[in-house]
Amino acid sequence: MLTRWQRARFMPNVPLYPNQPKVTASKEHLELSRRASREGMVLLKNDKQVLPINSLSKLALFGKGVFDFVKGGGGSGDVTVEHVRNLYDGFTMREHPVDLFEPLCDYYRDEVEKQYAEGGKPGLLVEPEVPEELLEAAKAYTDTAIITISRFSGESWDRKVVYYDRQEEGEKIQSELSEKIFGESDYYLTANEQKMVRLVSESFEKVIVVLNVGGVVDTQWFAENDKISSVLLSWQGGMEGGLATADVLLGEISPCGKLADTFAKSLEDYPSTEGFHESPTYVNYSEDIYVGYRYFETLEGKADRVNYPFGYGLSYTTFNIEVKAANASENGISFDVEVTNTGALTGKEVVAVYVKAPQGRLKKASKSLVAFAKTKELAPNESQVITLSHSLYDMASYDDLGKVAKSAYVLEAGAYEFYIGNSVRDAKKAGYEYEVAEDVVIEQLTARCIPHELPSRMLSDGSFEELEQLPPVNYMENAIGWSQAALGANGPETRGLPWRNLDEKNTNILLEDVADGKDDLDALMAQLSDLDLAYLVSGQPNLGVADTFGWGNNEAFGIPSVMTADGPAGLRIRPERGVYTTAWPIATQLACTWDQNLIREVGVAAAEEVKENNLCVWLAPAMNIHRNPLCGRNFEYYSEDPFLTGKMAAAIIGGIQSMKVGATVKHFCCNNKETNRRNSDSRVSERALREIYLKGFEIAVKDADPWALMSSYNLVNGYRASENHELLEDILRGEWNFKGVVTSDWFTLGEHYKETLAGNDIKMGCGYPERLMMALEAGAIKRENLYRCAKRVLELILKLEA
Ligand code: BGC
């Protein structure tokens, strides 16, 4: 008979049913990873229909990226895998291998191996010179060349490297390599890469580029370059990425991914670039709500600064999108849209609805995504009618300064227009408008998290309005005296409390009794001492294969020790532990599928691996907004758009939690820069906070009820996110009705008792029970504060089927 929480308690890293085939990194999961990868690739350019490549063609593969093919980013978003398939594998490991000019492949393979042996890291290698004689021989062999460009970035450093003193060793090595190789930023091609591209594009009639990258990169070098016929944004596609890339290049499926970000003509075109590194201790979010396409599509003249707009993506076939009907009710608006495959090949299309709200007094983005869906696979001439619905709330704007109604979501009077299609640029005006006769308050809220030191913010015409300056917050205030010892990267030292008598006569009410309905949780908790509570709100030591510590751990009351694990690109188990798992495509690529059903499937499969390895809470999905391409961790996040972000997160959470594994949405919020992330203040207007940076989390919480949420390292308008009561209690719980556990990020610089008071339920990697006891003694917190947080931790454990 199975015991409750059997895996968590007794079976670290031992499969529960030894006779069943393992699901972790199984063939089925690898196939799903490959499928998700294919569906999230975006075809940026295909002049003269050079793609798909005929499988009988001969190819010359250029660029070290053919072998230095990157599966995903670094840090906690990394995954330990048995293999990573590169593009060479993609062309050769198939039933009918493609003819490649092998001497060139040998050259790049050797170069990459040599650089790895000398300390190079994947995605952080120097592009070798193309030898003249190999170029000539390749030209004689074929007229078709493929250039692969690969990139790598990771946690705790940005894509323009600026040093600070708290980096971990491995991350320091990576950022130093990145700076050495890419200089200013890896956004642009290096001089060596430029030279290689020039040589190849001058030498071959058909030139195809594969971008194996984790975020937005320069596209200017091919967008208007006739010599480069086709470009596939294959992303960092997980461990099967190379196979998936070849599948798309060879036309095994029509590309059906659409951009989840705007690709501008230059890095400087993003309004957030200028101030990105202005200070190591703060970032002014001066562009306000004009992030991504909301900026480029709204401000005059900025649309011309875009090479590939949000939602863009070519296919090998063509589609017609036609609005058939529009319906409005008090709940919202819905459109019936017919999509027809008008081309010669099978494919899928994405349909999105963008609202254009009247400018009014608040000023608005000229387009905002409010609904989307992806078709099924459509054969030539086949049609599908899709219904796309959204609420009035989705169209509303937040009035933080009281221009219409202070601290309320409002619909200003006027005509609301709708644009329907795939990209924000190609969407066509629907023949239906929603008229609002007079201003309407959709939801009255209370001002929260207001900025103190943000000088001004951008408006839709590009001008700036000045904001009131308030006295800075003293976030170092501390009732029990600040202590260096209690801050920083410590792990939980022991297995929790000192030993107790656990003999048969244990008459305590146990957690199992609560789970079985014999007693209630408050009755169990009445037995707990203050110290018991202080331990329950503190991270517990690793058991089994765990690397990120656990929750619970008080056997006298039958409370198991349940382990957490990273996310989000797959279950992360460190290489030393000897377990390989599945690396899924990066989150940005998953977002580019625009396919919630597929993302849910990935969630189910990933959670199966978490569970099989006896872990309970997965530290995924990550869902910060792509504010600027320079953020080193954008690969872990979905999009520049909060609606797409929220819906993708909701889909994966649904999948994860269907396995009774806890999902943890992170990092809440405004962790949009990695440099000095523990001590950088994100200064943002309340409107931008609510409409952009909180919106995705709001959607995820309301749609999918995640069991956990991770507060971020950074400060938000002067307060550490983990110590911010308005954020964690008033907005998250009060307004959105979040019922789960709030965990800190690992080793925040927050003071434990202040985090507890703010509603941050558990401090990770370890807590500081002794400082909590000091705070209790000093009257800075009460037992009821600890009790509330501890109760939520126990409620989460009760939901697990481990
Ligand atoms: C990251 C989190 C991660 C945690 C545990 C932190 O450094 O920011 O995303 O879940 O570590 O590894």
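## Salt bridges

Arg34, Arg38, Arg94, Asp247 and Glu252 are joined in a network of salt bridges, a salt bridge being a side-chain nitrogen of Lys or Arg within 4 Å of a carboxyl oxygen of Asp or Glu. By this rule, the count for the structure is 63 salt bridges. The model is a predicted one, in which local features need pLDDT of at least 70 and side-chain atom pairs count only at pLDDT 80 or more, whereas totals for chains, interfaces and linings use all residues. Residues are numbered from 1 along each chain as its sequence is written, and side-chain values use heavy atoms, with hydrogens and water left out.

Arg361 and Asp439 form a salt bridge whose closest N and O atoms are 2.4 Å apart. This pair links distant parts of the chain, 78 residues apart: Arg361 is in the loop between β12 (350-356) and β13 (368-374), and Asp439 is in the loop between β18 (428-436) and β19 (440-444). Helices (H or I, at least four residues) and strands (E, at least two) are DSSP runs, numbered from the N terminus. Arg361 counts as partly exposed at 44% relative accessibility, and Asp439 is partly exposed at 32%. Here buried means under 20% relative accessible area, exposed means over 50%, and partly exposed lies in between (1.4 Å probe, protein chains only).

A further salt bridge joins the side chains of Lys429 and Glu433 (3.2 Å, N to O). Lys429 is partly exposed, with a relative accessible area of 45%, and Glu433 is partly exposed, with 32%.

## A link across 282 residues

The side chains of Asp730 and Arg448 also meet in a salt bridge, at 3.4 Å from N to O. Asp730 lies in helix α19 (residues 725-735) and Arg448 in the loop between β19 and β20 (456-458), so that distant parts of the chain, 282 residues apart, are linked. Asp730 is buried, with a relative accessible area of 18%.

## Aromatic pairs

A search of the whole structure finds 27 aromatic pairs. Rings of Phe, Tyr and Trp (its six-membered ring) pair if their centres lie within 6.5 Å; planes under 30 degrees apart count as stacked, over 60 as edge-to-face and the rest as tilted. The rings of Tyr295 and Phe296 are edge-to-face, because their centres are 5.0 Å apart and their planes stand at 85°. Tyr295 is buried at 7% relative accessibility, and Phe296 is buried at 0%.

Phe668 and Phe697 also form an edge-to-face pair, with ring centres 5.0 Å apart and planes at 75°. Phe668 lies in strand β25 (residues 662-668) and Phe697 in helix α18 (residues 695-704), so the pair ties together parts that are 29 residues apart in sequence. Phe668 is buried, with a relative accessible area of 0%, as is Phe697, with 1%. Elsewhere, Tyr293, Phe310, Tyr354, Phe372, Trp594 and Phe643 make up one aromatic cluster.

## Charges over rings

A charge sits over a ring if NZ of Lys or CZ of Arg is within 6 Å of the ring centre and within 35 degrees of the ring normal. Lys367 lies over the face of Tyr419, at 4.7 Å from the ring centre. Arg678 lies over the face of Tyr713, at 4.3 Å from the ring centre.

β1 pairs with strand β6 (residues 230-233) in the antiparallel sense over 4 bridges. Lys45 stands opposite Val231 in β6.

Key:
Pairing = 2+ DSSP bridges.
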